[in-house]
Amino acid sequence: MDTKNISYYRPLAYAAGIGSMLGSGIIVGLAATISVWQSGLGLTNGQVGVISGALTFAIAFGSLFGGRIAESIGLIKVFNWINLFYAVGAGIAVFAPNYITLLIGVIITGVASGTDLPISLTVVSRDSPNAKISAKLVSSTQIFWQAGIFISYIGAFAVSKMTGATGARIVFGLLVVFAIVTWLWRTMSGKFKELHEEGTARYEENQKNSTQVATKSVTKILFGQNKKFLYFFVAILIFYIGWNLLANTWGQFQTFMMVKADASQSLATGAGIVLNVIALVVSAIFSSIAGSKYRNTGFVIGAVIMFVAMVGMTMGGGSLIAIIVAIGFYNIGSPMAGEALYKVWTQESFPVDVRSSIQGLINGTSRVVCALFAFITPALVLPGVIKITMWCFAGVVVVSFIAGAIMIHLQRKYGIEK
């Protein structure tokens with residue numbers, strides 16, 4: 001019996017968490033500096049749209065096919081080396097002299113980022129000794145995701161007065177540094193090697209004692225005789241798409257909404273920093289209960305707060321103060337009824353051999369939906385129509401909540417939630 005406590009396994013969460021930080025860093029880093037790239041490289045509005053869309057689709061591609069790659073060449077190999085490719089992509093962007101080079105750098109970085117998330121979470125859950133420690137470690141990576149957003153906002157704010165594309169190059173340069181440090185840490189750490197070896201031995205022992213035949217086929221898992229996995233998949237997919245539509249809107253267009261509501265660029269960016277501190281704090285609190293019975297209570301409270309935020313924005317008429325207050329409430333509710341739960345549910349509910357592929361499939365599908373929705377989002381968050389949009393988003397919160405409630409029921413029905 002493994003008697004080591006959670007602190008022994010905490011480095012796994014740190015290493016995976018920095019990968020999550022790089023994931024949110026490239027999304028928010030590009031969103032916060034795209035106007036700087038535009039002025040510095042003389043990009044057209046169409047080229048700006050292509051770059052933003054290409055990043056989202058690149059992340060989706062990495063998420064969808066990263067698990068397949070890991071199955072082919074090895075889970076730990078991909079976990080160790082993927083951030084070197086991230087660093088190469090971000091480095092190309094740092095020195096990009098024109099649109100095409102920047103686009104290539106962003107695409108490489110996006111594919112690497114999308115690949116890392118499901119794989120790193122699978123490594124954490126596989127190397128953890130039990131479900132309770134796994135849930136705490138997996139959910140704690142969400143803190144790093146929020147930290148990546150926070151750091152990107154601060155970086156963009158700090159370099160906003162620089163001329164040309166210099167400020168954007170500095171922000172992407174920071175991403176290169178973090179990616180290289182993560183790559184070196186994962187590949188050279190003796191501690192990680194020890195944890196991976198223990199995880200492999202534990203997994204092989206569990207397979208020996210299991211009466212089920214292991215399979216790496218997602219299709220066989222989802223559409224086999226045991227229908228519970230398909231039920232899990234559909235419930236988590238609907239829950240995560242609903243949550244991610246809102247999260248993607250705030251992530252990509254939060255500053256845009258504030259500016260269109262007559263906020264200055266500095267006020268919008270500064271407000272973004274403060275509002276993300278709220279989400280960072282709540283994420284830290286929620287990670288401490290993610291492995292306990294209280295996480296379901298947190299889910300309900302978080303969903304209610306998110307619903308109130310959407311309705312509150314409609315009542316405020318799309319004014320600047322209403323937008324800021326609503327986003328503040330949203331950032332309180334979202335960490336309790338959002339991505340952290342999606343990560344934990346996926347890692348708890350599926351066999352370890354297909355976790356990275358299924359998580360990637362859910363994440364990739366959600367990213368594609370969000371990328372398509374992003375084409376019309378700017379028109380939906382303008383002051384004249386934002387009230388109607390927020391009523392629709394309130395409906396999305398309800399649908400996402402129902403899917404989450406069904407997932408909680410399914411976990412209890414099949415004995416996954418202890």
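Into which domains is the protein chain divided? Select residues 10–203 for domain 1, then 219–417 for domain 2. Colour them separately. Keep in mind that this is a predicted model.

**Stop 1: the two domains**

Now select the contact residues. Domain 1 supplies 38 of them, and these touch 40 residues of domain 2.

**Stop 2: the interface**

Together the domains bury about 3600 Å² between them. Carbon and sulfur atoms account for 67% of that area. How many salt bridges are there between domain 1 and domain 2? The count is zero. Polar contacts do cross the interface: eight residue pairs qualify, with both partners at pLDDT 80 or more.

Colour the domain 1 face by residue class. You will get 22 nonpolar residues, eleven polar and five charged.

**Stop 3: a ring pair**

Switch to aromatic side chains. The structure has 17 aromatic pairs. Zoom in on Phe 299 and Phe 401. Their ring centres are 5.3 Å apart and their planes meet at 10 degrees, so this pair is stacked. Under 30 degrees is the cut-off for that label. Phe 299 sits in helix 11 (residues 295–315), while Phe 401 sits in helix 16 (residues 386–413). The pair links distant parts of the chain, 102 residues apart.

**Stop 4: a salt bridge**

Show charged side chains. The structure holds three salt bridges. Select Asp 116 and Arg 186 for one of them; the N to O distance is 2.7 Å. Where do the partners lie? Asp 116 is in helix 4 and Arg 186 is in helix 6 (residues 166–188), so the pair ties together parts that are 70 residues apart in sequence.

Key:
Residues numbered from 1 in each chain as written. Heavy atoms only, no water. Domains from an automatic or database assignment. Contact = heavy atoms within 4.5 Å. Buried area = accessible area lost by both parts, 1.4 Å probe. Salt bridge = Lys/Arg side-chain N within 4 Å of Asp/Glu carboxyl O. Polar contact = N/O pair within 3.5 Å; in protein donor to acceptor, adjacent residues only side chain to side chain. Nonpolar A, V, L, I, M, F, W, Y, C, P; charged D, E, K, R; others polar. Phe/Tyr/Trp six-rings, centres within 6.5 Å; stacked < 30°, edge-to-face > 60°. Helix = DSSP H or I, 4+ residues; strand = E, 2+ residues; numbered from the N terminus.
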